[in-house]
Amino acid sequence: MPTRRSATALLAAAALAVAGLTAVTASAAQAAGGCKVEYRITNQWQGGFGADVTVTNLGDPVSAWTVGRSFGAGQRITSLWNGTATTSGAAVSVASLPWNGTVPTNGRTSFGFNASWSGTNPVPAAFTMNGTPCTGTTPTPTPTPTTTPTPTPTVTTPPTASRFYVDPTTQGYRAWQAASGTDKTLLAKIALTPQAYWVGNWADPAHAKAEVADYTGRAVAAGTTPMLVVYAIPGRDCGSYSGGGVAESAYAAWIDTVASGIQGNPYVVLEPDALAQLGDCAGQGDRVGFLRYAAKSLTLKGARVYIDAGHASWLPVSTAVSRLNQVGFEYAVGFALNTSNYQTTAASKAYGQQISQQLGGRRFVIDTSRNGNGSNGEWCNPRGRALGERPTLVNDGSGLDALLWVKLPGESDGTCNGGPAAGAWFPDIALELARNAAW
C-alpha cells in the first residue's frame, strides 16, 4: 500500500534527482552556456517514487541530449518515459529520443521516471549541462574572482495545451472543415483543442491495437503528448447507452494487446465510471482486479495512468478513497474526475483534493471539456452547457496534474434530449457548447 513519506525524505529525493543531472549534446563540440532544472515528484510509495524532470537550455542550441548521474542510496530507475535509459552499475544516463532531442536556446526538454530507493537519500551539491554548472543563469565569459553568479529561482510554468495532440481525424475536426461562416468560427474552438482518443473496440483487439498505434504514433511524430481513454471493462456502463465491454475471460488479453500498440507516453484515463458503478450490476467479474491489471499493463508500456473515480456529485469522498485504495497505485499515477460530466472545475478540484489528501497526495486530472456552465443536474445531452477551460498541465501544489478534454465535445451522450446514438456527432449541441464558452 502506498504511504506518505516525510517532507524531509521527499525534499532529499527531489534534491538528489535534480542536483545530479548532467545534460550534453550528442557532439560536445560546444559547451552549453547555462541551464536550469525544474523537478517535480509526481507520486511516492514505500520504496519508490516517480518524478518529472524539465531541463531549460540557457546556452547554445543542441540537437540531442543525454542526462546522466551516478545514483546512490540504492536508487534505481525502474521505468522511464521521453528518453532511453542506460545503466552501468550505479551510473545511469538518459538519452533523448528522435523527436525530442533538439532544444533551442531557452527551449525546454523533459522526461519522467519511476525509481526505487533504499536507506537514506543523500543531497548532491550540483548538476551540470555539458560541463557548465546549472545555476539557472548564463555565466559571463570572463567572470571576475570576486563575482559569484546568483542562481535564478526556479519557477515552474505549466505548459499550454500545445503539449497535447490535436487529432485531425475527430468528428469535430471534420465538421469544422466542412463548415463556413459563424459556424466554422465556433467549431474551431472544438476542432483545434486537444482531446482524448477513446479505445473501446472490444470485438477485435488487433483493430484496437492498430488504432492506438496509429493515434499515438501520429502524436509522437508531431512532438506532442497523446491522450487515451481505455473503455472496455466487462459490464461497461451497466448496459446503458454505452453498454458492452470485453468478456471477463478476455479482458486481460485485450488490455495487453491494446497496450502493445502504445507509442510514446500517453496520458490514459482508465475505464470511465467503472469504480463509480462498482457492484451496481451483474457481469462485472473481478472489476478491481481488472483495473489493477490494466494499470500495470498500460504503465509498463509507457502510459501515465489515471483511474477514473466518477465526479464530485456521485461518490462520497470516503467511498472514492476506499475504492481507489482497493485498486492501489503501484502502477497508476493517480485518478481522474468528471469524465464526460459537467461539474465545475472548482467543485471537481475541491473534491479531488480531499481524495488526494487521504491517498497520500495522489495526483489527479479533471475533464473540463463541457463544464463551462457547470451542471444542471442532467448527465445525458443537457442543454445550456458550455465548453470548459482548455487542456493544460497544472503545478500549483494542489495535487491537480492537468485539465484535460476527455469527452469529445459535440459527441452525443446517447439517445436522450433529442440526441443521436452515443458517440455520434450532435451538431446542435456542438455549436451550443462553443457559443456558450467563456473564451
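Visitor: What does the protein average in pLDDT, and what share of the residues score at least 70?

Guide: This is a predicted model, in which local features need pLDDT of at least 70 and side-chain atom pairs count only at pLDDT 80 or more, while totals for chains, interfaces and linings use all residues. Residues are numbered from 1 along each chain as its sequence is written, and side-chain values use heavy atoms, with hydrogens and water left out. With pLDDT being the predictor's confidence in each residue, from 0 to 100, the protein averages 82, and 76% of the residues score at least 70. Over residues 1-32 the pLDDT is below 50, although this stretch has 87 contacts in the model beyond near neighbours in sequence, a contact being heavy atoms within 4.5 Å. Where pLDDT is low, the predicted coordinates should not be read in detail.

Visitor: Which way do the residues of β16 point?

Guide: In a regular strand the side chains alternate between the two faces of the sheet. Strands here are DSSP runs of E, at least two residues, and helices are runs of H or I, at least four residues, numbered from the N terminus. In β16, Arg363, Val365 and Asp367 point one way, Phe364 and Ile366 the other way, and all are buried, that is, under 20% relative accessible area with a 1.4 Å probe and protein chains only.

Visitor: Which strands pair with β16 in the parallel sense?

Guide: Two strands pair if DSSP finds at least two bridges between them. Strand β15 (residues 334-337) pairs with β16 over four parallel bridges, and β18 (residues 400-404) likewise pairs with β16 over four bridges in the parallel sense. Phenylalanine 364 is the bridge partner of phenylalanine 335 and stands opposite leucine 400 in β18.

Methods:
Buried means under 20% relative accessible area, exposed over 50%, partly exposed in between (1.4 Å probe, protein chains only).
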